[in-house]
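Me: I have a few "how do you know" questions about this one. Could you take me through it, setting each value against its definition?

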Amino acid sequence: MTMNHKIFLTFLFLLPFSVLTTAAQDDKIITNAKMIGIGNTNILDTYLSPEKYNGTEFRYISHTLREKRNSHLYREIIQQGNISYANNRSENGGEMAGTYNFQYGWHWQFISDEKFTVGVGGNIDANLGFIYNTRNSNNPAQARAYLNITPVIEAAYRFHIKNGLHTLRYEISAPILGVMFSPNYGQSYYEIFSKGNYDHNVVPTWVGNAPSLRQMLTFDFSLWKTTFRIGYLGDYQQAKVNNLKNHIYTNAIVFGVVKKFSLIKLRP
Amino acid sequence: MKKYLFLLLPFFFLFTGCIDEKEYENTQNGNFEALWKIIDEHYCFFDYKAKVYGLDWDEVHERYAKMVNPSMSELQLFEVLGNMLAELKDGHVNIYAGFDVARNWSWHENYPSNFSDTLLTKYLGTDYHIASGLYYRVLDDNVGYIRCATFSNDFGSGNLDYVISYLAQCNGLIIDIRNNSGGLISSAEKLAARFTNENILVGYLQHKTGKGHSDFSSMEEQWLKPAKGIRWQKPVIVLTNRQVFSAANEFVKYMKCCPQVTVVGDKTGGGAGMPFSSELPNGWSIRFSACPMYDKNKESTEFGIDPNYKVNLSDIDFLKGKDTIIEYARKLINK
């Protein structure tokens, strides 16, 4: 092998690394946490009953952050579904509730160092769900559909215990503007859907008539080469529209697995 | 530092507070107050009944509150609450407890029944047909007869096609809804839709928009659209009595707007408020009229609809095994 051949082979060997180094300029880093939660829920919907119902909620959460290396801008995608069953205080009536929530938003990391990051942003926050009262006749269920613009603040603190890297993360969000479906005060679903008589059934919401909040405090730790996440979720959804009051307050423990991917573009 | 003030925005939630509803204590007085308030804020006939017979719900509270005390038994409380609701004179208003149902059925109990199972059996015989809860046959003077005892069944269009086809050769049709205390309004509409060939205005609907006794939406028109299946084109007689209530009352309201329809029998029982449910702190269920319905002249049908021909069962006919109301209808058809 001549000297030229050696230089050529060395160049071929190093080429991918040079590409990787270049590509690393816009690497995508995806952090996804899949969690399940269980907790206590408190349901009020005065269309169905003036009584509050207490019970248990089960929840699945997929929480994704899509970042680019060397960029402060990143995206957050949250999908979560919950189902709950609750009883009235006399324990002779039940309500089932379920909600699917999808959030998509752009965030800006304005404090960023190795240990501490803080980001803010806004999410499009779509919700679809129901509450079913097991004992009502002509008003047995309430549909829940609302769309919000929701500011989000999140902070993460990374630290080492022994040789392990741990992350303490807190995220809080509260919708500021939105629209919500609601029957009018004494309007039946028969009138809305069978007769097509609409009456303020899509209602604008804001912090004043729908002061809601979600927060989640989690702790990430590594075990058996896997990153686990454990934490607390507080979800307080409430509204007062068309003279009807509703709230679903949930306090839950969440547990799941965190996976971090890095997508690297390899240019030929 | 000022540029980070927006971080406090979510905490505005803490200042806007919780959206909550006052829960009354599960005591005798708490349950009384909870019931009075549920009806006060949701019942739909206060103004109408104030005009008709002077109902004053505040006065009712004053009168009945004196009868409630912490030492009274559950049965005594049930009786007082039931009597308080009876002031509304509404068959759609009830309390459901594990041991009883509080009701005011004076809308039919204070009147002659104008219906006899014994006589009905003589007309129906044993070889009648049944489709989706409708009993039907051809009477011996070639008059079609349908016995519709309830609107709880969801009639299929195929069911109604079969019934009307079978009776098509008859000179006329009797639809006997006596003792039909309601069910699904949609079923009442489906059956009535077989008796019109064009869209007809049959009444109006309203709903409450707030807690005030007079907080109502505008009146929305109710239109009866002709069925797509087979429609009846000959004379129809609808038989009624005081037990025709709720969705059956609506059926009579629709039918009175259809051509070739005559109503024979007694005034209907009414029940023109679509009922909603609620509950008390002790778990008793409540039912009350929530959405008022009106006829095509915007008059309430809460206290019933008059027939075109008022006919009562006569004792003499009964002894002869004849149903006076059915016989009257047959004469009208064969006239």
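Me: What makes B:Val143 and B:Gly172 partners?
Reply: In β6(B), B:Gly172 is the bridge partner of B:Val143. Strands here are DSSP runs of E with at least two residues, helices are runs of H or I with at least four, and both are numbered from the N terminus. This is a predicted model, in which local features need pLDDT of at least 70 and side-chain atom pairs count only at pLDDT 80 or more, while totals for chains, interfaces and linings use all residues. Residues are numbered from 1 along each chain as its sequence is written, with chains lettered from A and ligands numbered from 1 in the order in which they are written.

Me: How do you know that β5(B) and β6(B) pair?
Reply: Pairing requires that DSSP finds at least two bridges between two strands. β5(B) and β6(B) have five, in the parallel sense, so they pass that definition. B:Ile146 also has a bridge partner in β6(B), namely B:Ile175.

Me: And what joins β6(B) to β9(B)?
Reply: Four bridges, with the two strands running parallel. B:Ile174 stands opposite B:Ile237 in β9(B).

Me: Why is the link between β5(B) and β6(B) called right-handed?
Reply: The chain crosses from β5(B) through α8(B) to β6(B), a right-handed β-α-β crossover. The term applies because, with the strands pointing away from the viewer, the path from the first strand over the helix to the second runs clockwise.

Me: What makes β6(B) a covered strand?
Reply: Five of its five residues are buried. A residue counts as buried if 20 or more other C-beta atoms lie within 10 Å of its own, as exposed if 12 or fewer do, and as partly exposed in between, with C-beta atoms placed from the backbone. Both faces of β6(B) are covered: B:Gly172, B:Ile174 and B:Asp176 are buried on one side, B:Leu173 and B:Ile175 on the other.

Me: Which sheet do these strands belong to, and which strands are its edges?
Reply: The sheet is open and has seven strands of chain B in the order β3-β4-β5-β6-β9-β10-β13, with mixed pairing. Its edge strands are β3 (129-131) and β13 (309-310) of chain B, each of which pairs on one side only. Helix α8 (residues 157-167) of chain B packs on the sheet, where it touches β3, β4 (134-138), β5 and β6 of chain B, and its direction makes about 15° with that of β4(B). That angle is taken between N-to-C directions on a scale from 0 to 180 degrees, using lines fitted to C-alpha atoms, for helices over the stretch in contact.

Me: What makes β7(B) a partner of two strands?
Reply: Strand β7 (residues 200-205) of chain B pairs with strand β8 (residues 220-224) of chain B in the antiparallel sense over five bridges, and B:Tyr204 stands opposite B:Glu221 in β8(B). β7(B) also pairs with β12(B), again antiparallel, over three bridges; there B:Leu205 stands opposite B:Met293.

Me: What does helix α12 of chain B bury, and against what?
Reply: In α12 (residues 324-334), B:Thr324, B:Ile325, B:Ile326, B:Ala329, B:Arg330 and B:Ile333 are buried. They pack against elements of chain B including α7 (117-124), β5 (143-148), β9 (236-240) and α11 (315-319).

Me: What makes a group of residues a nonpolar core here?
Reply: The group must be buried Ala, Val, Leu, Ile, Met, Phe, Trp, Tyr and Cys residues joined through C-beta atoms within 7 Å. The largest such core has 49 residues, and B:Ala192, B:Val238, B:Phe251 and B:Met255 touch the most other members. Its largest share, six residues, comes from helix α10 (residues 247-255) of chain B. A second, separate core of 31 residues includes B:Trp36, B:Ile38, B:Leu85 and B:Leu88.

Me: How do you know that chain B touches chain A?
Reply: Two residues are in contact if their C-beta atoms, placed from the backbone, lie within 7 Å. By that test, 39 residues of chain B are in contact with 42 residues of chain A. The largest share of the side of chain B that touches chain A, six residues, comes from β11(B).
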